[in-house]
Amino acid sequence: MSTAVDSSAINEMARQIRRDCIRMVVTAGSGHPGGAMGAAELFAVLYGVVLHHRSKTDTTAGPDRFVLSNGHICAGWYSALSLTGHLPREELGTHRKLGARLQGHPSRHMFPSVVETSSGPLGQGFSVAAGIALGKKLRRDEGTVFCIVGDGELQEGLVWETALSAAHRQLDNLVLIISDNDVQIDGPTSEIKRVRPVAPKFESFDWHVLTVDGHDVPALIDAFDRARTVREKPVCIVADTVMAKGVPFMEHDPKWHGTCPTPEMAERALEELGPADGWEDF
Ligand SMILES: Cc1ncc(C[n+]2csc(CCOP(=O)(O)OP(=O)(O)O)c2C)c(N)n1
């Protein structure tokens, strides 16, 4: 159990993830800052508190496993990996560069010791995560498979095939985290193709559902603790998040799904986030 955690350190980690997202996208000249910044506490809590890995260099060695199904928000994931010793900090400057490990969508080919499956085609990562969980069950392996998806991603049919299969197989070693920010690439999810309310949909598919403020670190830690105790059902954590959280002029705006800020905007955004504290910028 993770009760004795200093949540102020995890909040600080989330703030650094947001700074890194802005700087990575601006350094690359393109990318997806908004969803990544909105999921900063999810990455910070997972990598700072929840995930147990035998190896810093090979997280696929278990016992826990992680899949980022909404691969476009990988800037936040790479930042969390760098802040917890899985990557050199300076490698963040190679994001989206040809030949780099830190591709614009996670590449298993380029980074096999961390990326369980390449992701970008929405829905696919979740189905692979469920397959990993089933494999672990069949081998009676310890550990849990954690997978993040976006709310727009829930529009994919594959998500619901996977949800059916995971409940049928009673995959209680699978935890799905939905970053429910009501934003997708072209606008508000509720206007494009409504997926809310999400919790009753997963409940009706026989999942155990927890709903939580996705920026509340103690509440997230508690949800992950509870998720590990559920038996005979997969667990879905519906995390209420804000696109581009932490930078008021970017928050909630679908533009920041996949737009690179100008250098002037980036400067303003970094000012809003406050200076690096405890970590060096890469
Ligand atoms: C199968 C598939 N269809 C379409 C796309 C194009 N696409 C990329 S991201 C995205 C929207 C995803 O929305 P959400 O998961 O809510 O992401 P957020 O805006 O919150 O980052 C779409 C439609 C894709 N990557 N894969």
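Colleague: What covers the buried residues of helix 6?
Modeller: The cover includes helix 5 (124–139), strand 2 (145–150), strand 3 (174–180) and helix 8 (198–204). Before we go on, this is a predicted model, where local features need pLDDT of at least 70 and side-chain atom pairs count only at pLDDT 80 or more, while totals for chains, interfaces and linings use all residues. Residues are numbered from 1 along each chain as its sequence is written. Helices (H or I, at least four residues) and strands (E, at least two) are DSSP runs, numbered from the N terminus.

Colleague: Thanks. Which residues are buried in helix 6?
Modeller: V159, T162, A163 and A166 are the buried ones. Buried means 20 or more other C-beta atoms within 10 Å of the residue's own, exposed means 12 or fewer, and partly exposed is in between, with C-beta atoms placed from the backbone.

Colleague: And why are they on the same side of helix 6?
Modeller: Because V159, T162, A163 and A166 cover an arc of only 105° around the axis. That arc is taken from the directions from the helix axis to the C-beta atoms. On the other side of helix 6, G157, L164 and H168 are exposed.

Colleague: What follows helix 6?
Modeller: Q170, which has a positive phi near 55°.

Colleague: Speaking of peptide bonds, where is the cis one with omega about 0°?
Modeller: It joins G62 and P63, and P63 is in the loop between helix 3 (40–50) and strand 1 (65–68). The bond from R196 to P197 is cis too, with omega near -5°. P197 lies in the loop between helix 7 (189–192) and helix 8.

Colleague: Changing topic: is S30 buried or exposed?
Modeller: S30 is exposed, because 12 other C-beta atoms lie within 10 Å. Its place is in the loop between helix 1 (7–28) and helix 2 (33–38).

Colleague: What does S30 touch, leaving out residues up to four places away in sequence?
Modeller: R96 and C260. Touching here means contact, with C-beta atoms, placed from the backbone, within 7 Å. The C-alpha atoms of S30 and P261 are separated by 8.5 Å, though these residues are 231 residues apart along the chain.

Colleague: How many residues surround the ligand?
Modeller: There are 19, and the closest are G35, L122, G150, G152 and Q184. A residue is near if its C-beta atom, placed from the backbone, lies within 6 Å. The shell divides into 6 nonpolar, 10 polar and 3 charged. Nonpolar covers Ala, Val, Leu, Ile, Met, Phe, Trp, Tyr, Cys and Pro, charged covers Asp, Glu, Lys and Arg, and the others, Gly among them, are polar.

Colleague: Last one: how many helices and strands does the chain have?
Modeller: The chain has 10 helices and 7 strands. Of its 282 residues, 50% count as buried.

Methods. Contact = placed C-beta atoms within 7 Å.
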